[in-house]
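Trainee: Can we go through the side-chain contacts in this one? I'd like to start with the rings and then move to charges.
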Amino acid sequence: MTTTASPSGKPDTGAAPHPHTVSAADPAGTTKLPPVVWLLGAVAFLMGTTELVVAGLLPEISTALGVSVAHAGLLITVFAIGMMLGAPAMAMATLRLPHRSTLITALLVFAAGHIAGALSPTFAIALIGRFAAALGTGTFWAVGAVVATAAAGPAASTRAMGVMIGGVTLANIVGVPLGTAGGQLLGWQGPFWVLAVLSLIATVVIARQLPADKGGSDTSVRAELCSVKHIRLWLVYLAIALVQGAVLATYSYVAPLLTERAELPQALVPLAMLGYGAGALAGTTFAGRRGDSRPYVTAIPAAAVTAVMLGAITLWATNSIAAVILIVLLGAAGIMTNPILVGEVVRIAGPGRALPMALATSAFNVGIAAGSWIGGIALTSSLGLRGPSLAGFFLALVALLPLGILAASRRNTGGLDDGRTLVLDHFQCRGDGGSPQARS
């Protein structure tokens, strides 16, 4: 396994361990995390907030920009597309670039996208701003995880990743509801301005706190491409996209669902979104404890419960109390598969690979883009407000197919990858400066 110098001077294995496992080198979690890890976790909070804060403000945005609610949902779709394309592209483009300058550039692009969105006089310019913000977010995730694990060192790399993922989880619990409430009070542009200012502040702090580095990785584009040859890896990506699409088909239009169908007062929508975030935190915590040893025993029931919740929303979300309870349960079940499937990406592709993890980010955003788009189409159909959750119900059912195939193949290999595939990839990629020897 090749190593590179981290910004902190520690060797960087490039490993991207499952965020919910405990490092064997640091079983008690006694290694103190460097401040830069917490700084990157705070930036991850901003990135997580911006992706879904629009979901709670669609009525306000549609009114202000003169488009339908379904059309305004494209602001979620285009952000997901930007992330879908940006994460793997930036993972490859920044392999040999200095990490500090790359993160600073990503945050400046992120801020510029939000300023453009806040100032946009037309919906088209708002879309361009969202796409720019998504490219900045994709670049951040392509580099930030490497910087965090390198700064923490091998003994604490797992906890470093946990801090970054925790930033996104906290965004769902706190950032999105607060942004929604702020948008309702100050106008929908308010959260955009706040995120732009906070990202500029983060840019200054990163420029001061993160040591200068030469960047660069010993790996090559060919080695990264070799690491994504596993068919099972693409089944994991498919499952990620389908489950995420199922949830986002409904959650993208949660505001009109709650206010128009369930007749929940608009001022209480942020509280419902807070409940969704709390459910998501409970689901990911449970999955992190159970998913390592028996991933599909946990993931398959979670996908099935997601389908049940979406079916229940379609049928019974006509009462405000019932609707809020179902949204909270949807957050718990629908997000439960995320840490499990990300862990499967690391296990199948091997540690130290940027492209497989970037493609996992893309898979999530394929689901977000497809789910919000399909949900918008269903919303404008004769099904009306029942359409998005019904579309999500069918996507969740389809997700059971790749999950079932993955579970069966895991049983057939005794929980291990096919050794012949690993050996084949090993010889195909040897000598390129980044062979999969790290996986063996």
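**Aromatic pairs and a salt bridge**

Mentor: Searching the whole structure gives five aromatic pairs. Keep in mind that this is a predicted model.

Trainee: How do Phe 140 and Trp 141 pair up, and at what angle between the planes?

Mentor: Phe 140 and Trp 141 are edge-to-face, with 75° between the planes and 5.5 Å centre to centre.

Trainee: Is Phe 140 buried or exposed?

Mentor: Phe 140 counts as buried, because its relative accessibility is 1% and the cut-off for buried is under 20%.

Trainee: What about Phe 393 and Phe 394, what kind of pair is that?

Mentor: Phe 393 and Phe 394 also make an edge-to-face pair. Their centres are 5.3 Å apart and the planes are at 70°.

Trainee: And which accessibility class does Phe 393 fall in?

Mentor: Phe 393 has 24% relative accessibility, so it counts as partly exposed. Phe 394, at 47%, counts as partly exposed too.

Trainee: Switching to charges. How many salt bridges does a search of the whole structure find?

Mentor: One. Glu 344 and Arg 410 meet there through their side chains, at 3.9 Å from N to O.

Trainee: Where in the chain do Glu 344 and Arg 410 sit?

Mentor: Glu 344 is in helix α15, residues 337–349, and Arg 410 is in helix α17, residues 387–412. The two are 66 residues apart, so the pair links distant parts of the chain.

Trainee: Are Glu 344 and Arg 410 buried or exposed?

Mentor: Both Glu 344 and Arg 410 are buried.

Technical notes. Residues numbered from 1 in each chain as written. Predicted model: local features only at pLDDT ≥ 70, side-chain atom pairs only at ≥ 80, totals over all residues. Heavy atoms only, no water. Salt bridge = Lys/Arg side-chain N within 4 Å of Asp/Glu carboxyl O. Helix = DSSP H or I, 4+ residues; strand = E, 2+ residues; numbered from the N terminus. Buried < 20%, exposed > 50% of the residue type's maximum accessible area, 1.4 Å probe, protein only. Phe/Tyr/Trp six-rings, centres within 6.5 Å; stacked < 30°, edge-to-face > 60°.
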